[in-house]
Amino acid sequence: MWGGIRRRSSDYSWFSAFLFSVLLFCGRQALAEIRYSIPEEMKEGTFVGNVAKDLGVDKSSLTDRRFRVVSGSKDAFFEVNPDKGALQVRKKIDREELCQGSGACQIELKILVENPLEIHYVVVEITDVNDHSPSFSEKEQSFEIAEHTSPGTRFELHAARDPDAGVNSIRTYTITSNDHFDIESSQSDEDKIPFLVLKKSLDREQKNTHMLCVTAVDGGKPPKSGTLNVSITVIDINDNRPNFSHDSYQVEIYENASIGTTVTVVKAIDPDEGANGEIEYSFSKTLARKVSEIFELNSVSGQITLKEKLDFEDSELYKLDVQASDKGAPPLASRSRVIVKIKDINDNAPEIEVTSLSNTVSEDSKPGTIISLISVTDKDSGVNAKIISSINNDIPFDLKPSYKENTYSVVTKGILDREKISHYEITVKATDCGEPPMSTYKILNIQISDVNDNRPKFLQNPFEFYLVENNVAGKSIFSVSAKDIDINENAAISYDIVREGSQSDIMSFLNVNSENGHITALKSFDFETLKTFKFQVVATDSGTPPLSNNVTVNVFILDQNDNAPVILYPLSSNGSAEGVEEIPRNVNAGHLVTKVRAYDADIGYNGWLLFSLQEVTDHSLFGLDRYTGQIRTLRSFTETDEAEHKLVILVKDNGNVSLSATATVIVKLVEPKEAFAAADVKSAAKVDEEDNVTFYLMITLGAVSVLFLISIILLIAMQCSKSTDYTSKYLQETNYDGTLCHSIQYRSGDKRYMLVGPRMSIGSTIVPGSHANTLVLPDRRRASEEVS
């Protein structure tokens with residue numbers, strides 16, 4: 001049992017304070033500390049602890065040493081029993097009043113002992129007892145909660161207060177059982193704050209008021225509690241959202257629908273009344289700007305119409321988020337999605353894209369060579385995007401499909417020939433399968449490049465040229481020309497002479513200009529030596545490899561009057577053209593006095609000799625045949641005629657510029673007897689003279705015959721190498737009257753030609769440009785065929 005004596009006086013307190021101060025500075029201190037613990041609300045005199053014993057102070061000296069509690073407070077809660085040395089409760093302690101809060105509540109006491117002076121510290125802890133019940137500041141609390149408040153929403157309640165601490169303070173809050181509310185608490189400093197938690201949505205239409213009782217319970221044993229009445233009024237709000245008739249709308253519309261066409265009508269219903277049931281439609285604010293530019297929504301009726309043209313190729317599908325909002329406070333809204341599917345129409349023609357193109361194709365390309373790759377597309381869909389592709393059929397190209405749909409290759413399908421067609425326009429046609437179908441055309445321009453596949457060709461083969469003798473050496477005499485239907489280098493022709501064959505010596509005097517085919521003679525030709533020859537010219541192009549072709553050139557030398565007549569008889573011993581003829585005086589008219597013989601190496605008119613009396617003593621006695629050169633008497637001689645007559649005979653050819661020679665014949669008239677005697681001597685001399693003349697004539701005729709024979713052989717060879725209509729024939733005729741004349745006949749095609757001498761055939765005509773010595777003869781063979 002705790003006990004103690006309470007002593008208080010102002011003198012004693014003053015004295016104690018003074019004594020304590022003296023002890024601090026002058027006296028001896030005992031620095032011991034003792035701890036005790038007692039519950040609050042203990043009665044006065046309650047034993048706390050035997051402090052004298054605990055401090056080791058002799059119980060018998062407590063009075064003498066004035067063993068006491070020193071306190072500066074007016075309300076001393078403890079005192080020391082001087083007889084027993086026990087620490088006792090002096091007055092009832094209220095822990096809540098003494099120590100507010102939940103921390104430890106301690107009272108520090110100073111125990112003073114004198115003689116010797118000692119001071120001791122004693123700490124007394126006041127423990128709590130559950131002597132208070134929880135209490136609310138107000139007995140009732142009201143709330144107005146809207147019916148749309150979400151579950152989980154918390155509403156703060158009045159907090160209960162309990163001065164007790166520790167386990168004796170408020171531990172829990174409880175609420176009367178109900179379906180909509182629960183209670184939670186949270187610690188705030190030393191207090192627990194209760195919250196009313198909505199656990200189920202309210203519906204004012206079902207119950208508009210809720211009455212609840214909240215109880216705060218502490219942790220004492222037994223526990224104590226306090227209550228709070230809570231009233232809840234449910235506020236009617238716009239708690240019904242508009243409800244669409246469909247969660248989503250699906251609409252199909254053709255892309256060619258006109259502006260203003262109704263796409264669909266959305267409908268929503270709100271069971272609320274008044275403004276809470278009035279619905280306003282709008283597009284979602286997240287709707288793409290492009291979509292809002294195409295579609296228009298009536299905010300009152302929910303009708304969606306077109307305000308811009310649709311294009312399936314831009315978009316096949318549109319998703320319109322439509323919002324229906326009522327006019328409540330706050331407004332409620334719901335959403336529905338309108339899916340607009342655009343139906344395609346055939347409004348796009350196919351497109352042709354050339355991904356690769358060789359504009360130039362070699363004419364020797366093999367069939368199947370790829371020259372271009374193309375692809376076709378159509379922005380439409382379905383059957384409208386199915387494409388049929390083709391190219392024009394009249395060209396040597398084909399369209400081959402690739403492994404990938406709507407991809408094609410243009411290939412060659414035939415032999416190309418640039419010389420026939422050098423450029424092609426390939427028309428690619430792409431047609432879709434829509435209704436009606438649409439087509440697109442693409443033109444590919446293809447150039448055919450040349451290869452050297454054509455030989456040069458001469459305009460004619462063989463060439464025939466007529467060359468007048470005595471040409472100027474070093475000048476062009478004629479030219480050959482060939483054509484090559486290739487182009488560029490493949491058509492660049494160079495000319496050369498084939499220097500082979502039996503007449504290679506003649507070809508050594510010929511030269512050809514390699515660029516233009518002009519043929520130049522490096523020497524002057526002589527008809528009397530060479531009348532015809534042939535050679536070959538080769539024309540070679542500049543292709544790779546080069547191609548060539550030959551042509552035979554037949555050259556006919558045309559005669560010029562470049563040889564003067566040669567007197568064969570009479571010839572004097574010194575070689576001059578002068579002779580003496582003796583005839584009897586008694587000869588009759590027409591007697592052959594002599595014959596002047598002459599020769600001209602030229603042929604035709606140039607070799608046709610005419611005789612004329614240049615000088616004569618008596619024109620009445622002698623006459624001269626202009627063609628044969630025979631001198632005959634024109635009448636009988638008389639006694640009065642002179643015995644000697646001089647005749648000068650002019651022999652000239654028939655050239656354009658005539659060449660001539662003269663011969664002198666002395667005619668002597670003798671008596672018949674002398675004439676016979678002289679005739680014997682003269683006949684012998686004449687025989688010798690004629691033998692000499694015959695010898696020279698034979699040599700001349702032999703040389704001419706050899707030349708003619710060579711010419712005939714050459715022309716026969718040419719005839720054999722040509723058609724049967726082409727023949728050449730050389731003839732030589734002799735004037736048996738003593739004058740040599742020549743004629744050469746040959747055939748070219750349907751015409752016969754002859755180089756004539758003095759004796760011309762009746763019905764022949766002169767060939768223009770042949771210097772009047774070439775005649776065209778009538779074709780007797782053809783005439784006979786026509787008669788037959």
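Which residue lies over the face of Phe509? Lys523 does, at 4.5 Å from the ring centre; here a charge sits over a ring if NZ of Lys or CZ of Arg is within 6 Å of the ring centre and within 35 degrees of the ring normal.

## Model and confidence

This is a predicted model, in which local features need pLDDT of at least 70 and side-chain atom pairs count only at pLDDT 80 or more, while totals for chains, interfaces and linings use all residues. Residues are numbered from 1 along each chain as its sequence is written, and side-chain values use heavy atoms, with hydrogens and water left out.

The average pLDDT (the predictor's confidence in each residue, from 0 to 100) is 80 for the protein, and 82% of the residues score at least 70. Residues 1-31 have a pLDDT below 50, and this stretch has 60 contacts in the model beyond near neighbours in sequence, where contact means heavy atoms within 4.5 Å. Residues 753-788 also fall below 50, with 81 contacts beyond near neighbours. Where pLDDT is low, the predicted coordinates should not be read in detail.

## Nonpolar cores

A nonpolar core is a set of buried Ala, Val, Leu, Ile, Met, Phe, Trp, Tyr and Cys residues joined through side-chain atoms within 4.5 Å. Buried means under 20% relative accessible area, exposed over 50%, and partly exposed in between (1.4 Å probe, protein chains only). The largest core has 29 residues, and Phe535 and Val553 have the most contacts inside it. Elements giving two or more residues to this core include β35 (463-468), β41 (532-541) and β42 (548-558); helices (H or I, at least four residues) and strands (E, at least two) are DSSP runs, numbered from the N terminus.

Leaving aside residues up to four places away in sequence, Val553 touches Phe463, Phe465, Phe478, Val480, Phe533, Lys534, Phe535 and Val537. There is also a second, separate core of 27 residues, with Ile253, Val263, Phe283 and Leu297 among them.

## Rings

The count of aromatic pairs is 15. Rings of Phe, Tyr and Trp (its six-membered ring) pair if their centres lie within 6.5 Å; planes under 30 degrees apart count as stacked, over 60 as edge-to-face and the rest as tilted. Phe143 and Phe155 make a tilted pair, 5.9 Å centre to centre with 55 degrees between the planes. Phe143 belongs to strand β9 (residues 140-146) and Phe155 to strand β10 (residues 154-156), so the pair ties together parts 12 residues apart in sequence. Both Phe143 and Phe155 are buried.

Phe465 and Phe478 are stacked instead, at 4.1 Å centre to centre and 5 degrees between the planes. Elsewhere, the charged end of Arg597 sits over the ring of Tyr569, 5.7 Å from its centre.

## Salt bridges

The model has 14 salt bridges, each a side-chain nitrogen of Lys or Arg within 4 Å of a carboxyl oxygen of Asp or Glu. One joins Lys92 to Glu41, with the closest N and O atoms 3.0 Å apart. Glu41 is partly exposed, at 25% relative accessibility.

Another salt bridge joins Asp321 and Arg337 (2.9 Å, N to O). Asp321 lies in strand β24 (residues 317-326) and Arg337 in strand β25 (residues 333-343), so the pair ties together parts 16 residues apart in sequence. Asp321 counts as buried at 17% relative accessibility, whereas Arg337 is partly exposed at 34%. Finally, Arg66, Arg68 and Glu114 are linked in a network of salt bridges.
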